[in-house]
Amino acid sequence: MNNKGKIELKKMLVAAMFVALTVSLSGFSIPVGTAKCFPVQHMMNVIAAVFLGPVYAVLSAFVTSLIRNIMGTGSLLAFPGSMVGALLCSVIYHKSKKLWACYIGEIIGTGIIGGLLAYPVALLLMGNAKVAVLTFVLPFLISTCGGTMIAAILIGIMDKTKVLDYLKRQIR
C-alpha cells in the first residue's frame, strides 16, 4: 500500500471511531432554560474538521445521522444540520488554518444554514406543514453553540499541550 493509501486508511479509521463515539454519546444533553442542548454531533463536527478535512468530516456527519435514524434515536433533521455544519467548518478551517474560523463556520453552517434547510426537510419529507421557516434555527443554534464551545475547549487544551499537532501528524 502506498503512502496516500495509508493516509486514507488512517482517516477512514479515525472517522469510524468518531462516528462510534458520536452515536454512543448522542443522547447526552444539557438543559438550557426550557430547551435542551445536544452538543455531541457539533463537537465532533469541529474535531473531525480539524483532524480529517471536509470529505471525512461530512461523511462522518452523514453516517452518524444515518445510524441514529436507523436506530430510532435521530430524525431526518439531523442530516441538513450536521452535514452543512461539518462541511462549512472544515472548508473554512482548511482554507484559513484558523481555529476560531472553524468554530464560526460550525455555528453558521449548522445553526443558521442547517436550521433553514431543516424547514424543507420537515415540510416535504416529514409531512409537517405546521412549521415556520425559522422554527429550527434557534434550537439548532443552541445545540451547535454548546457543542462548538466544548470542542473549542478540548482543542484549545490539545493545542496548548502540543497534542493537537502530534495527533494531526499521526493521521497524515
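## Ser90 in helix α4

At 0% relative accessibility, Ser90 counts as buried (buried means under 20% relative accessible area, exposed over 50%, partly exposed in between, with a 1.4 Å probe and protein chains only). Ser90 sits in helix α4. Helices here are DSSP runs of H or I with at least four residues, strands are runs of E with at least two, and both are numbered from the N terminus. Beyond its neighbours within four places in sequence, Ser90 is in contact with Ala49, Gly53, Pro54 and Ala57. Contact means heavy atoms within 4.5 Å. Ser90 and Glu106 are 16 residues apart along the chain, and their C-alpha atoms are separated by 8.3 Å.

## Basis of the model

This is a predicted model, in which local features need pLDDT of at least 70, side-chain atom pairs count only at pLDDT 80 or more, and totals for chains, interfaces and linings use all residues. Residues are numbered from 1 along each chain as its sequence is written, and side-chain values use heavy atoms, with hydrogens and water left out.

## Ile107 and Thr148

Ile107 belongs to helix α5, residues 99-125. Its relative accessible area is 25%, so Ile107 is partly exposed. Leaving aside neighbours within four places in sequence, Ile107 contacts Ile112, Leu141, Thr144, Cys145 and Thr148. Phe62 is 45 residues from Ile107 in sequence, and the two are 18 Å apart in space, C-alpha to C-alpha.

Thr148 lies in helix α6. Thr148 is buried, because its relative accessible area is 4%. Its contacts, not counting residues up to four places away in sequence, are His42, Val46, Tyr103, Glu106 and Ile107.

Lys11 lies in helix α1, which covers residues 3-25. Lys11 is buried yet has no salt bridge. A salt bridge requires a side-chain nitrogen of Lys or Arg within 4 Å of a carboxyl oxygen of Asp or Glu. The nearest side chain of opposite charge to Lys11 is Glu8, 4.7 Å away. For charge, Lys and Arg count as positive and Asp and Glu as negative, while His and the chain ends are not counted. Not counting residues up to four places away in sequence, Lys11 touches Leu52, Tyr56 and Ile171.

## The largest pocket

Rolling a probe the size of a water molecule over the atoms shows where empty space is left. The search uses a 1 Å grid over the protein atoms alone: a cavity is a set of points where a 1.4 Å probe fits but cannot get out, a pocket is an open set with protein on both sides within 12 Å along at least five of seven lines, and lining residues have an atom within 4 Å of a point. Grid points are joined across faces, edges and corners, and a volume is the space filled by probe spheres set on the points.

The largest pocket has a volume of about 530 Å³. Its lining has 24 residues, of which Phe38, His42, Arg68, Ala78 and Ser143 are the closest to the centre. Helices α2 (40-52), α3 (54-71), α4 (78-96) and α6 (137-160) each supply at least two lining residues. By class, the lining of the largest pocket holds nine nonpolar, 13 polar and two charged residues. Ala, Val, Leu, Ile, Met, Phe, Trp, Tyr, Cys and Pro count as nonpolar, Asp, Glu, Lys and Arg as charged, and the others, Gly among them, as polar.

## The second largest pocket

The second largest pocket has a volume of about 160 Å³. Val14, Met17, Phe18, Ile47, Phe51, Met158, Leu167, Gln170 and Ile171 line this pocket. Two or more of its lining residues come from each of α1, α2 and α7 (163-171). Eight are nonpolar, one is polar and none is charged.

## The cavity

The count comes to one cavity of 30 Å³ or more. The largest cavity holds about 40 Å³ of space. Its lining consists of Phe18, Val19, Thr22, Gln41, Met44, Asn45, Ala48, Ala57, Ser60, Ala61 and Thr64. The elements α1, α2 and α3 give two or more residues to this lining. Six of the lining residues are nonpolar, five are polar and none is charged.

## Positive phi in two loops

Lys97 is found in the loop between α4 and α5. Its phi is near 60°, a positive value in a residue other than glycine.

Lys162 occupies the loop between α6 and α7. Phi of Lys162 is near 70°, also a positive value in a residue other than glycine. Lys162 counts as exposed, because its relative accessibility is 57%.
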